[in-house]
Each structure stands twice: as structure tokens, then as C-alpha cells.
Amino acid sequence: LQGENRALVADGIERMKAAPRPGVSALADVANIQIADISADSLPFSVIPRLNAAGRMGSTDTAFELLMAEDSRRAAMLATQLEETNTERRAIESKLTDEAMAKIDALGYSGGHVVVVGGEGWHEGVKGIVASRLTNRYHVPALLFSIEDGIARGSGRSVGKVNLFDAVERCSDLLIRRGGHAGAVGVTIEASKLDEYRRRLSAVLSELPAEDFEDTDEVAATVDLSELNIETIEQISRLEPFGQGNKVPLLAAEGVTMCDRAVVGKTGEHMRFVATDGAASVPA
């Protein structure tokens, strides 16, 4: 999102807000958001997951038909179908995450340089998402494989500055095929070779310095807790649209503790609390 491309994205979003197609309006309704509030930063957390869910769960037809719909009633029906599909995707993703973590524990993982785990019948469409969850949990690159007929097809995600694709290439003699880039890979291998692959990949990654596994250079500035307010958010929003080439600035406040913690949401997925540094308090 640099220069001309950034301007095109901004223009596209403004056109969408000015004259939204029935499908976009219907998606905004099921996502519980106002079209006027849609931004490049909010799209990946509202509209896009629902569109992606169709392909992840088997077919993109519903998403395509929704975007092309001219009739509002038809669009509303298709948007409801996508919402149901996305709810199913989230349930499968959560279940697979739990299964993968249980299997990692069963393998005796107690810290290392990579997580490699596979299971029979694991859903193909959510492997990448679950691999990302595993990297967040264990803070090392993670590859998650779905096994069928003796063949393991996996999706991997990296952390920090680790070039996962290079590491995968160094073990290519074990693989049927591979692809991807530094941060994400796709790998196909015989299931019987997974244990050896785990050992080989871990040995390769063990050659890297520990700091390569750390997320660095993310914090744009250290601020006082009192500066994390609506005015600051409004100033940052002037830099939109955000994306890979123009990331949202991450601000850090130090010496912060939590007060008045409470679990909220229909399924208890969120936590509400008050952040305080002794001088200022901010609801979070």
C-alpha cells in the first residue's frame, strides 16, 4: 500500500461507502457495522472473514453471488448463509486448535525451535489460521498438517525474522512439494516422514540466533497511558488506509496494570478491564 496503490484503496473504499452494492450492505448488516465506519483497517475484521469463509469451507460460489447480487432480499439471504458458514468455520478452527495443542503436548513438546503437528481428517480450509494460532501460543514457527491416504498436506507460519521458506528448502529432499515465502509456507510430505521432518527442521532452525524468533521493530513509539485516547486515534486514522506496506502504528505504554477485570461476550471470548499506570486510567 504505497503511493498510487494506497490512493486507489482509499478511493475504492470511499466509492463503496457512497454507493454500496446490495451485497456489501447485507454483509455490513450481518457483521453489525455501519457502512460509514468501514475502513481498510476494519475490513479484515468484519467483511473479509465472512467472504473468505466460503472458500475455506469448500466453495466460493456464495460469496461471489453475494457480491454480484442486485436484489436486496437475495443479498440478505446470501449474507445470512455466509454468516452461518463463518460461524461454522470459527467452531472448526477452535476445535482444531484444541486438538493440535493436545497433540503437541502428547508429543512432549517442552520448548524448541519449531512445532510440527498433523492429524487425520483435519480440515484443509483452516490450517493456516490454526498454524498462526500455534505460532502465537508457542512463539516459534508452526506447521500444521492434514493427513489423508498417507499424505500430509501442511500450512506453516513463521515468527520474528525467521525465514521459514529458506528453512523448508533445506529439508526439501524429504518433501513431495513446497511453496510460499519467508512468513508462510505450504508443504506436502509423506505422513511417515513427519517425525524425521520435525527433527530436521528443528535442527536447521536451531542454527539461528534467538533474537530472530522475537517480534521486534513493531512499536512505533512509547507513550504515556493518558495519550491513548480518542484524539490520538483520530490523528492516526489520517494515515489510512493501512496495510502490509503501511502498517498501523503500534504505541506502547509501560508500567501498566489491570483493574476491574470481567469476562464479556456471549461465549466469554473477550475481557473488559481498566488499564492504569497510577496516574491515568483507560478503559480497555
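This is a predicted model: local features need pLDDT of at least 70, side-chain atom pairs count only at pLDDT 80 or more; totals for chains, interfaces and linings use all residues.
**Notebook: charges, overall build, two residues**

I started with the charges: the protein carries 30 positive and 43 negative side chains, and the centres of these two sets sit 4 Å apart.

Next I looked up the overall build. I found nine helices and ten strands in the protein. The C-alpha trace spans about 55 × 55 × 40 Å along its principal axes. I also checked burial: of the 284 residues, 34% are buried.

Then I turned to the surface and the contacts. The accessible surface comes to about 16600 Å², and carbon and sulfur atoms own 49% of that. For contacts with a separation of 6 or more, I noted that 57% are between residues 24 or more positions apart.

Which residues form a nonpolar patch on the surface? I wrote down Phe64, Leu67 and Met68, which together have about 320 Å² of accessible area. I zoomed in on Leu67, and its place is in helix H4, which covers residues 61–68. Why does Leu67 count as partly exposed? Its relative accessibility is 37%, and partly exposed runs between the under 20% of buried and the over 50% of exposed.

Last stop was Glu196, which I found in helix H8, residues 194–205. Glu196 is partly exposed too, because its relative accessible area is 34%.

Terms used
Residues are numbered from 1 along each chain as its sequence is written. Side-chain values use heavy atoms; hydrogens and water are left out. Patches are made of residues with over 30% relative accessible area and no salt bridge: like charges are joined within 9 Å, nonpolar side chains (Val, Leu, Ile, Met, Phe, Trp, Tyr) within 5 Å. Accessible areas come from the Shrake-Rupley method with a 1.4 Å probe; for residues, only the protein chains shown count as cover. A salt bridge is a side-chain nitrogen of Lys or Arg within 4 Å of a carboxyl oxygen of Asp or Glu. Helices (H or I, at least four residues) and strands (E, at least two) are DSSP runs, numbered from the N terminus. Buried means under 20% relative accessible area, exposed over 50%, partly exposed in between (1.4 Å probe, protein chains only). Contact means heavy atoms within 4.5 Å. Lys and Arg count as positive and Asp and Glu as negative; His and the chain ends are not counted. The place of a charge is taken as NZ of Lys, CZ of Arg, CG of Asp or CD of Glu.
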